Amino acid sequence: MLTLTAIAIFPIACVSYVIVRDEVRNVTRNIDFEVHDAAQSAQAGFTRMLDRRQVRAVAVASSPRLQAAIRDHDTKTLERIARRGDLLLQVDGRTYGRRLSDAATTRVQLVRQGAGIGWVVAQLPFDRATMRRLSAGAAEGVRLVYVHPGGSQPAGRGSTARLTRQVDVRAYLPSAIEAHRKNAAYLRVAGAGLLALVALMLLTLVLTRPLLRAFRWTEEQASEARIDALTGLANRRALEEILAAEISRAHRFAHQLAVVLLDLDRFKEINDSFGHAAGDVMLRAVSRLLTSLARQGDTVARWGGEEFVVVLPETDLAGAQRFAERLRRTIEAHAVGDMKTSASCGVATMLPEDNVEELLGAADQALYQAKSNGRNRTESAVRESRPAVA
């Protein structure tokens with residue numbers, strides 16, 4: 001019985017260790033995704049709010065009432081218009097309205113007889129009300145705060161997005177919540193391990209040989225990993241299997257299928273300037289960006305080195321081009337510390353006779369064209385179906 005117990009405990013301990021490691025890694029990865037998504041959503045929401053205020057400023061600037069007040073030098077009316085819209089009116093060297101001490105601003109020029117005479121300034125305050133609106137939709141437990149570039153950051157795993165030159169928004173998960181999530185993962189694995197141990201102790205009485213064969217099979221499957229260890233994305237082997245299945249499904253249901261092959265420009269310069277560890281950080285950051293922009297049902301994979309592939313089911317060439325451009329612009333605008341990069345994208349859509357190699361080859365040719373045309377651009381493969389063989 002002691003021998004059987006030892007046989008049962010050893011594989012359970014090994015499997016539990018692997019599962020605990022993967023569970024904690026998944027918890028950390030989910031937290032990174034949550035705070036990154038919250039920061040990016042807050043940045044986009046802030047831009048939309050500021051745009052709406054600018055549109056309102058444009059409407060005020062072109063209103064007949066404001067034009068009449070300026071012509072008649074009616075300072076009371078100008079003051080009322082400014083305060084009612086939470087605006088600043090700067091006319092002929094004078095300012096009307098209440099200037100907010102901490103706010104983002106955007107302005108629209110006032111023109112009379114073809115000459116500029118002042119500005120309508122829209123203000124978006126950095127206050128609690130604005131933060132509540134930016135926090136809408138953030139994952140449970142994720143908090144957002146305003147921070148100044150170079151200033152102190154709140155404790156906890158987080159992500160920062162730029163709002164203005166003077167103010168960033170920081171999305172973070174407090175350390176206590178992160179620790180609670182990891183502890184919950186430990187408890188789940190511990191409970192599952194105990195149950196598995198009891199079951200294995202019973203099964204080893206009659207199934208020792210089949211169990212040993214099953215363990216060997218499990219080790220062989222584990223050695224053929226389908227996940228890229230650095231980025232957590234699907235690796236090349238998994239991508240080829242997924243793409244083959246998507247091609248078969250596209251044929252069966254007469255759906256369109258597109259792929260985007262993306263390569264980071266001059267990535268070697270990052271490794272040479274900042275080191276390979278910094279290059280790995282950039283690759284992980286780019287993989288998170290790709291995952292956040294992909295739709296549910298899309299597949300994001302690391303093809304190798306600094307190349308990534310996104311499989312887009314039920315997507316035509318125009319939709320794939322728009323998606324590739326969104327990826328390219330996002331990567332170009334995203335900085336990781338002092339590091340910035342750009343991407344060249346090759347887009348290809350499936351022809352009826354395509355297989356995995358031909359579809360990826362077409363995308364690779366388009367990527368080569370993007371590199372040849374100066375990098376940081378998107379090119380699409382232009383192909384025609386081969387005539388059917390009689």
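Trainee: How many residues of strand E10 (residues 307-313) are buried?

Mentor: Buried means under 20% relative accessible area, exposed means over 50%, and partly exposed lies in between (1.4 Å probe, protein chains only). Strands here are DSSP runs of E with at least two residues, and helices are runs of H or I with at least four, numbered from the N terminus. In E10, six of the seven residues are buried, and the strand is mostly covered. Note that this is a predicted model: local features need pLDDT of at least 70, side-chain atom pairs count only at pLDDT 80 or more, and totals for chains, interfaces and linings use all residues. Residues are numbered from 1 along each chain as its sequence is written, and side-chain values use heavy atoms, with hydrogens and water left out.

Trainee: Which strands are joined to E10 by bridges?

Mentor: Two strands pair if DSSP finds at least two bridges between them. E8 and E10 run antiparallel and are joined by seven bridges; aspartate 263 stands opposite glutamate 307 there. Strand E9 (residues 299-304) is also antiparallel to E10, with five bridges, and alanine 301 stands opposite valine 309. E9 and E10 form a hairpin with two residues between the strands, where glycine 305 takes a positive phi near 60°.

Trainee: Which residues other than glycine have a positive phi?

Mentor: Two arginines can be pointed out. Arginine 266 has a phi near 50° and lies in the loop between strand E8 (257-264) and helix H8 (267-274). Arginine 266 is partly exposed, at 45% relative accessibility. Arginine 375 has a phi of about 70° and is placed in the loop between helix H11 (356-372) and strand E14 (378-380). Arginine 375 is partly exposed as well, at 32%.

Trainee: Which residues of the largest nonpolar core touch the most other members?

Mentor: A nonpolar core is a set of buried Ala, Val, Leu, Ile, Met, Phe, Trp, Tyr and Cys residues joined through side-chain atoms within 4.5 Å. The largest one has 29 residues, and those touching the most other members are Val260, Leu262, Leu264, Leu290, Phe308 and Ile331. Two or more residues each come from E8, H8, helix H9 (276-293), E10, helix H10 (317-333) and strand E13 (343-349). H9 gives the largest share, seven residues.

Trainee: What is leucine 262 in contact with?

Mentor: Contact means heavy atoms within 4.5 Å. Setting aside neighbours within four places in sequence, the partners of leucine 262 include Leu290, Phe308, Leu327 and Ile331, and also Glu306 and Glu307.

Trainee: How many aromatic pairs does the structure hold?

Mentor: A pair of aromatic rings is described by the distance of the centres and the angle of the planes. Rings of Phe, Tyr and Trp (its six-membered ring) pair if their centres lie within 6.5 Å; planes under 30 degrees apart count as stacked, over 60 as edge-to-face, and the rest as tilted. There are two such pairs in this structure. Phenylalanine 46 and phenylalanine 126 are stacked, 5.5 Å centre to centre with 5° between the planes. Phenylalanine 46 lies in helix H1 (residues 2-61) and phenylalanine 126 in the loop between strand E4 (115-125) and helix H4 (128-135), so the pair ties together parts that are 80 residues apart in sequence. Phenylalanine 46 is buried at 2% relative accessibility, and phenylalanine 126 is buried at 11%. The other pair, phenylalanine 126 with tyrosine 146, is edge-to-face at 5.4 Å and 75°. Tyrosine 146 is in strand E5 (residues 143-147), so this pair ties together parts that are 20 residues apart. Tyrosine 146 is partly exposed at 25%. The ring pairs link Phe46, Phe126 and Tyr146 into a cluster.

Trainee: Which arginines lie over a ring of tryptophan?

Mentor: A charge sits over a ring if NZ of Lys or CZ of Arg is within 6 Å of the ring centre and within 35 degrees of the ring normal. Arginine 107 lies over tryptophan 119, at 3.9 Å from the ring centre. Arginine 236 sits over tryptophan 303, at 3.8 Å.

Trainee: In what order do the strands of the open sheet with E5 stand?

Mentor: The order is E5-E7-E6, with antiparallel pairing. E5 and strand E6 (157-162) are at the edges with a single partner strand each, so one side of each is left without a neighbour in the sheet. Five bridges join E5 to strand E7 (residues 168-173), and arginine 143 has tyrosine 172 of E7 as its bridge partner.
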